[in-house]
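Me: I would like to go through this model feature by feature. Please start with overall shape.

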Amino acid sequence: MKKRHLIPLFASLLTIASFSPLTHAATVPYASQLVIHGPEGNLRPGTSISITVQANGHGSTPQYQFWMESAKGWTLLRNYSANNTITLGTLPAGSYIIAVYALDPNQLQQGQYHEAAQSSVVLNIGSQVTTFPPSTMLAGQSQLLQADATNLISPVYQWWWQNPEGQWKSSGPYQSSPSWNFTPHQSGLYHLIVYAKDPLAPNNAQGAVWSQTVSLNVQPISLAYGYFHVSSDSPGHAWYDIQQHASAFNAIAPLWYTYNPSNNHPVSTNVSTQSLQTVTTYAASHHMFVWPTVQLTGALPSDWWASSEPQNLITTLVTTAVQNGYNGYTLDFEDIPAAQGADFTAFVKELAQALHQAKLTLIVDVMPLPNSAYDYSALAKSANYLDLLAYPEYTTTTPTPLAPNPGPTEGAPWVNNAIDLAVQTGISPSQLLLGVALYGQSWTYTNQGFQGGEAITSRTIASNLSQQSGQYVWDPSQQALEINTGPLAVAPPAPLSLNPATFSPLVQNLQFLLNAVLLRYALSHQQTPPALLATDGGYGQDTEAAVALFQQDFNVQPQVLGSYGPHTAQALQSAIDQYNIGQTMAWDENTESVTSLLTTAATDHLGGMTLWRLGYQSPHFWTQFTGNWPS
């Protein structure tokens with residue numbers, strides 16, 4: 001019999017017992033305040049069931065009717081009588097609802113069944129529900145959880161979970177499906193419990209059974225980019241490092257595939273079949289996801305998006321992933337023109353749909369905002385994760401080859417701003433991964449101008465520092481290491497005039513030297529370092545303010561504060577000598593920098609971090625980095 005709401009169901013059954021249909025709403029009943037005494041709720045098999053009821057007959061003796069719902073449907077246990085006790089003995093394991101109606105004799109004689117007082121109790125004898133979620137998940141990852149209920153009639157389910165802050169939340173109203181899609185939005189320890197009950201049972205713990213509370217450790221993603229050539233099995237190579245420190249990662253993004261639309265075979269790989277198979281098998285055995293990177297190496301013409309090539313690429317990627325046992329891909333399409341941003345978003349949507357249909361994951365690399373080529377909100381609706389490549393903040397070629405703005409690869413203020421702008425788009429922080437650089441950059445300045453810059457791995461920087469007495473300091477504002485080496489710098493000759501519109505290599509060198517000197521002065525005097533000055537070669541208001549700050553710090557008395565005259569030039573040269581400022585400046589994202597970035601990501605509840613790239617890190621990197629999320 002199909003189950004329905006309790007009262008209409010009883011109305012149908014009552015007609016079977018020669019009672020008139022319930023067609024009127026109850027008025028003030030003559031029998032009222034019906035109370036059931038006896039066992040209820042969760043009971044052990046073998047429990048003897050005896051139920052006594054009591055109602056107020058308002059001067060008469062109430063008549064009671066007993067019904068029971070079981071797996072076989074509704075059964076009339078005893079028709080109306082003055083007997084207010086019913087003994088059922090021991091019932092088989094299962095769920096039961098004992099429903100009782102009460103009328104006074106006058107009501108019963110007149111057939112006023114619709115005015116009966118009513119009450120019910122739920123008996124769950126040997127009923128139980130269990131769930132076995134995975135012990136670990138990744139933040140932002142969805143998992144279909146299953147519940148298994150026994151000895152319940154057509155059970156309905158409700159899930160509860162406790163987040164790492166100790167707050168309990170529910171999955172919503174009871175549902176008939178024993179499955180529930182759980183997506184934890186931050187890392188940490190969760191607790192899960194599932195309730196199950198008969199649909200007619202009340203929505204409280206008394207009428208339900210519940211599982212044991214299970215713990216679920218939600219881990220942030222710890223992903224490493226790298227080439228992973230098995231032929232490169234020595235320190236400083238990704239394959240060696242992942243074997244030595246597999247426990248520090250739960251995902252890798254091998255740099256195996258490139259896409260160049262101008263080639264006859266646009267998808268190409270730079271790794272042998274042996275490497276593909278060996279690395280993928282190793283990662284699977286160590287519970288690591290394999291999300292190979294697909295890098296764009298050529299510009300996409302404007303007509304590419306409307307051609308058949310996007311679909312060809314999608315088909316190739318899905319087929320390759322399934323054949324090789326990958327878990328998905330990391331899409332690294334950088335330098336997308338703003339005019340192609342909408343096309344890129346549409347392509348990501350189609351790629352994600354195809355990968356998800358094959359139960360594969362998609363990570364999309366994005367550049368920091370503002371950047372109209374990357375619609376974070378739309379991309380996050382398709383991709384599983386967005387990898388925020390917050391590096392390099394300063395490059396060796398921007399804004400012009402003559403003015404590259406030396407600074408950290410990804411300083412703390414820059415990263416915080418990039419994260420804030422990303423989250424403001426409305427995406428879940430758990431979908432955002434923080435890209436972390438394992439390299440630094442260096443620049444050389446003289447009074448003749450900028451003489452070239454380069455990117456240097458943290459491994460190389462650490463080796464150089466161990467072999468030379470380079471002058472380096474830790475910038476607490478940027479959370480990065482600043483290193484100064486090379487021949488002693490020479491202060492630019494004076495005077496230099498306020499002229500922001502004209503480039504001067506002398507002004508550019510002045511800006512470079514002020515950055516180095518003011519940082520060291522602030523640190524030696526327990527002050528907050530000033531913001532880095534752009535080396536644009538124009539003597540503008542920012543340079544004027546930096547010169548004024550230098551003059552105040554070093555007690556220079558110029559005729560005009562902020563003007564660069566002979567006394568200021570002499571004082572600057574003395575500071576250069578005092579701090580041993582060389583012509584070359586390097587910034588490095590060392591181990592302490594990475595630890596700081598991970599703390600930032602954890603505080604902002606991001607989904608994890610990615611390292612660009614394995615092999616670049618310094619040898620002592622592993623003394624502090626374990627892949628664990630800072631608490």
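Reply: The radius of gyration is taken over C-alpha atoms, and the globule rule is 2.2 Å times the number of residues to the power 0.38. A compact globule of 631 residues would have a radius near 25 Å, whereas the protein chain has 36 Å. Its C-alpha trace spans about 115 × 60 × 45 Å along the principal axes. This is a predicted model, where local features need pLDDT of at least 70, side-chain atom pairs count only at pLDDT 80 or more, and totals for chains, interfaces and linings use all residues. Residues are numbered from 1 along each chain as its sequence is written, and side-chain values use heavy atoms, with hydrogens and water left out.

Me: How many helices and strands does the protein chain have?

Reply: Helices (H or I, at least four residues) and strands (E, at least two) are DSSP runs, numbered from the N terminus. The protein chain has 13 helices and 33 strands.

Me: What percentage of the contacts with a separation of 6 or more is between residues 24 or more positions apart?

Reply: A contact means heavy atoms within 4.5 Å. In the protein chain the share is 70%.

Me: Is Ser-596 buried or exposed?

Reply: Buried means under 20% relative accessible area, exposed over 50%, and partly exposed in between (1.4 Å probe, protein chains only). Ser-596 counts as buried because its relative accessible area is 16%. The residue is found in helix H13, residues 591-603. Across the protein chain, buried residues make up 53% of the 631.
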